[in-house]
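Open the model in your viewer and keep the selection tool ready. The stops below go one residue or group at a time.

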Amino acid sequence: MTPRRVVIVGGVAGGMSTATRLRRIDEAATITVIERSGHVSYANCGLPYFVGGVIEDEDDLLLQTPEHLFDRFRLDVRVDTEVVDIDADGHEVTTRSTVDGRTQSIGYDKLVLSPGAVPVRPPIPGFDRVRVLRTVEDAERLAVDVAGQPETAVVIGAGFVGLETAENLVRQSIAVTIVEAVDQVLAPLDPELAIMVAAELASHGVVVETGVAVSEVTATGITLADGRAIPGELVVGSIGVRPDVRLAEMAGLALSSQGGIAVDETNRTSDKDIYAVGDAVEKPDWVGGGNSLIALANVANRQGRRVADHICGLPTRSSASLGTAIVKVFDLTAATTGWNEKRLRAAGRNYRAIHSHPMNHASYYPGAQPMSLKLLFDPGDGTILGAQAVGGDGVDKRIDIIATAMTGGITADELADLELAYAPPFSSAKDPVNMLGYMAENVRSGACDVVEYDELGALVAAGWTLIDVRTKEEHGRGAIPGSVNLPLDRLREELDGATGPFVVYCEVGQRGHTATSLLHELGIEARNLDGGYRTWMAADAARQQQPLRLIRVASGENP
Ligand SMILES: Cc1cc2nc3c(=O)[nH]c(=O)nc-3n(C[C@H](O)[C@H](O)[C@H](O)COP(=O)(O)OP(=O)(O)OC[C@H]3O[C@@H](n4cnc5c(N)ncnc54)[C@H](O)[C@@H]3O)c2cc1C
């Protein structure tokens, strides 16, 4: 049998996963990888850390070389080479050297496109002087700029890469301003969690300008739409990416509604001999059921492996994407999976939200750090729709557990049943994820009637009394305006014949739940404020676009 000829366009996450998996299951195949940049298999996720000097040696970003890939996998890897044309009928691609311009034709039986995404470059005057961060070469250029010791920089866009870039520029002693057109940082988070990330940035000296667009990039910085000038010897654009579909269009392949390459559950395009993976394609969305543009390394790698299997006739599983993502922002970690509340609301989905603010491990064991968790679920069948977490150590673990639960079809209530590893330095006997399960169970069963921060005003206006069941000391340090302090331990005595109805709150929602249960037992109508004072404070700061005071201490709740 003639060995199959596979040509792969793009030699990084998706492309290289396809190539190496293919070789492991087909020793005879002729595998050619074409890569436009000077490097293959480079760690683009590490690029911001190279700029910041965390990764000191550029070679550490280069996970493989063409020579090593030939030695180990007999891959024909051609760097500095671009695919400039695809003849789908003739099963042939045309390549051009980016060094000397020489062109060549390569025939294929199967073609795999993994060209990634291209940074968005908006039509703003002066934007051509803006640096982007996508390839090793981009990072090298930025590192040269940084070596020139600029004093100021502007990062346009407060997404994952923008925040990583900002942190790493601060590491290089540069005064950084982040400008973000929408009214919060990190759009995948809801505002009451994003405000915590903004506070972390501010506490490290980063100026964050949200809700205002850049109107011009000047020689000395940028001008905002409101006329203010922000100094920036260095300007980095991190506005997002869009699928690179140039080759797909050239080959006449179908595109999906959101502009990515359309693929089936095996990642085959509208041409049965052309596959596409990674940032360039639209993925089935786990929550919504339609398609989403999700640009993440894990997804690209998974798809690459699946394509190799399918080409070789192995059985493949289709898997939808949750969009699970994480970012380090100075001493804080922010992570998310599934949809956020903004998106669920916009889509008209039926959902409930719960917030908690647990410690990452037993609070009596030294070094415990608080985190804020938000779980979104369908109140009907308990399907988990999304989760977000912001905090210190252990945020990654909790979001990964929830992402795993979602993939496995575990409901919000069933999070309570997960048997998770526990010892005081790692967790609590009731892990924060178990606690979310208990809370979801209480909400779904009606055992706890909760109210969200944005429903509070309407209830108070309708005559509900807001009671703070924290201690007098806690109340004195800050409370929701108009609330009456009736500490939980004296609630029975201090009710003094009052009949409610009450909205109850405490610091994070736990004592509020106990108080609400007690009031119900006494025949008094009461609802607990979800996430307590901490969630209200964060939501209020986000609503008023005011700085949030960071809380890095235990909540005072009992385990
Ligand atoms: C700075 C940065 C940080 C990131 N951090 C994270 C992170 O922490 N976590 C995470 O999950 N994801 C992260 N990502 C996203 C992640 O890197 C991508 O989702 C992933 O690399 C996509 O894989 P891909 O194969 O689709 O595209 P890429 O890995 O981008 O590879 C595409 C390659 O194709 C080449 N190419 C394009 N067109 C042609 C052509 N015509 N001919 C030849 N070659 C071509 C390009 O040069 C490029 O090297 C980050 C991305 C960047 C840029």
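Where is the place of Gln-149? Select Gln-149: it is in the loop between α4 (136–147) and β9 (152–156); helices (H or I, at least four residues) and strands (E, at least two) are DSSP runs, numbered from the N terminus. Gln-149 is not a glycine, yet its phi is positive, about 55°. Its relative accessibility is 66%, so Gln-149 counts as exposed (buried is under 20% relative accessible area, exposed over 50%, partly exposed in between; 1.4 Å probe, protein chains only).

This is a predicted model, in which local features need pLDDT of at least 70, side-chain atom pairs count only at pLDDT 80 or more, and totals for chains, interfaces and linings use all residues. Residues are numbered from 1 along each chain as its sequence is written, and side-chain values use heavy atoms, without hydrogens and water.

Next, select Asp-80, in the loop between β3 (76–78) and β4 (81–87). Asp-80 also has a positive phi, near 50°, and is partly exposed at 26% relative accessible area.

Go on to Pro-501, in the loop between α14 (491–494) and β28 (502–505). The peptide bond that joins Gly-500 to Pro-501 is cis, with omega near 0°.

Last, select Arg-24 in helix α1 (residues 13–25). Arg-24 is exposed, with a relative accessible area of 58%.
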